[in-house]
Amino acid sequence: MSKPLKQIHLAAHFPGVNNTTVWSDPKAGSHIEFSSFAHFARTAERAKFDFLFLAEGLRLREQSGEIYDLDVVGRPDTFTVLAALAAVTDHIGLTGTINSTFNEPYEVARQFASLDHLSGGRSAWNVVTSWDAFTGENFRRGGFLPQEQRYSRAKEFLTTAYELFDSWDGEEIVADQATGVFLRDAKAGSFVHSGQHFDIHGRFNVPRSPQGRPVIFQAGDSDEGREFAASSADAIFSRYATRIEGQSFYTDVKDRLARYGRRRDELLILPAASFVLADTDAEAEELAKEVRRKQVSGATALKHLEWVWNRDLSGYDPDGPLPDVDPLPGEHTVARGRAQVRMYRDPLATAREWRELAAAHGWSIRDLVIETGNRQNFIGSPRTVARAVNDLVQADASDGFILVPHLTPGGLDDFADRVVPLLQEQGVFRTEYEGPTLRDHLGLTHPDRAHTARAAS
């Protein structure tokens, strides 16, 4: 008996503070004006996507002591944008990245419960931690936490937030005008939490929202991050959008669910994926090369190389050979606030590898950065891309994809108009929304209070 076709989940990542975004393209628009967010969200909703996703950076990146301004700089507050989008959309889920290292559970729970009410049950929280003291300087507590403490705090943060969400059961408000009784239970919202990271008690002032709690996303790739997702998340963002790596990650994370009493369908795995579309595969390949050269200018290539070399390379020709000097070992001081610098555990070994690649292929600095960087995941005609997306989902390399276009706000339009109809024809993607909440879109159950208590423990 053949395996039934999986339904594909699709989401849209508003392009932002990274070199994926080609802000210099004449077709690019603002990354701050609300009209850009509204266009992007409405396009995703028109295409029946599950949700829109906003990342968040809590400090401007710096390189050599100056703001790194080759990429887009700055972004409005996540909750403000999502609340505004709730008013101009009807179905699309609204997912925001909110940090558990520098925020407080009461405040974040109140914001997400409010968003869930305002949107009619469409809120989702991407729970992240922060790894560096550089970001911590922006906050009154400052500093940072070692990795094991970051995840310990994040888990207790989520447990505490669940307790706040569940301090209302949804039946307290009667608002009986005849008797003048508003609340059935005078103890509504009461909570007490005493733990390693948080010791709070009081009354939560937002009644239970349509979803009970927001959908929980997690984006960590470490073993701690995968375990956190298996125990507590509804979906995990992955960076593995190829078949072999995707299947390995998919199996590893799904296999962890049983130890928490969870089924394999209770956690969705959704890699981020970029794409380039054209009328033919050959045209798409040429366009993809053009986009990559726009994403990696000469100046950008030198800055990327500095992440490994940890020294000023501004005097080098990006169209010339790699530096003959070695990287500076020790604490990284050139690029601050860059998670990528942690990828290069042994800069000297990386430099040797890159020199060998450049010599073998005749690559310049810019060529090397382009060729060793992230290539677009899906390149081709609409039919080719639709086939590739479906093949990876049916092969259990993912449950769907979070699409990251290189243009704002219109970069999603072609995918919505030319690829989605082909997926719908194949019967693997919805033609209409089947319920009002994000949990309905994702095929997740609505939690009761007992379930949220078990998930957080």
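Begin by selecting His-117, which lies in helix α3, spanning residues 105-119. The model on display is a predicted one. With a relative accessible area of 36%, His-117 is partly exposed, because that class lies between the limits of 20% for buried and 50% for exposed. Now show its surroundings: setting aside neighbours within four places in sequence, His-117 is in contact with Val-206, Pro-207, Arg-208, Ser-209 and Pro-210. Ala-258 and His-117 are 141 residues apart along the chain, and their C-alpha atoms are separated by 32 Å.

The next stops come from a database record. Under "binding site", an unreviewed UniProt entry lists Thr-97, Tyr-151 and Ser-222.

Select Thr-97 in strand β5, which covers residues 93-99. Is Thr-97 buried or exposed? Its relative accessibility is 5%, so Thr-97 counts as buried, the limit for that class being under 20%. Apart from residues up to four places away in sequence, Thr-97 touches Phe-53, Leu-54, Ala-55, Glu-56, Thr-78, Asn-126 and Val-128. Zoom in on Leu-54: its backbone oxygen lies 2.9 Å from a polar atom of the Thr-97 side chain.

Finally, move to Ser-222, in the loop between β11 (215-218) and α6 (223-232). Ser-222 has 24% relative accessibility and therefore counts as partly exposed. Beyond its neighbours within four places in sequence, Ser-222 is in contact with Gln-147 and with Tyr-151, the latter being another residue in the UniProt list. To end the tour, display the side chain of Ser-222, which reaches the backbone nitrogen of Gly-225 at 3.0 Å.

Terms used:
Residues are numbered from 1 along each chain as its sequence is written. This is a predicted model: local features need pLDDT of at least 70, side-chain atom pairs count only at pLDDT 80 or more; totals for chains, interfaces and linings use all residues. Side-chain values use heavy atoms; hydrogens and water are left out. UniProt positions are given in the numbering used here, feature names are shortened, and annotations may be inferred rather than shown by experiment. Helices (H or I, at least four residues) and strands (E, at least two) are DSSP runs, numbered from the N terminus. Buried means under 20% relative accessible area, exposed over 50%, partly exposed in between (1.4 Å probe, protein chains only). Contact means heavy atoms within 4.5 Å. A polar contact is a pair of N or O atoms within 3.5 Å; within protein, one must be able to donate a hydrogen and the other to accept it, and residues adjacent in sequence count only if both atoms are side-chain atoms.
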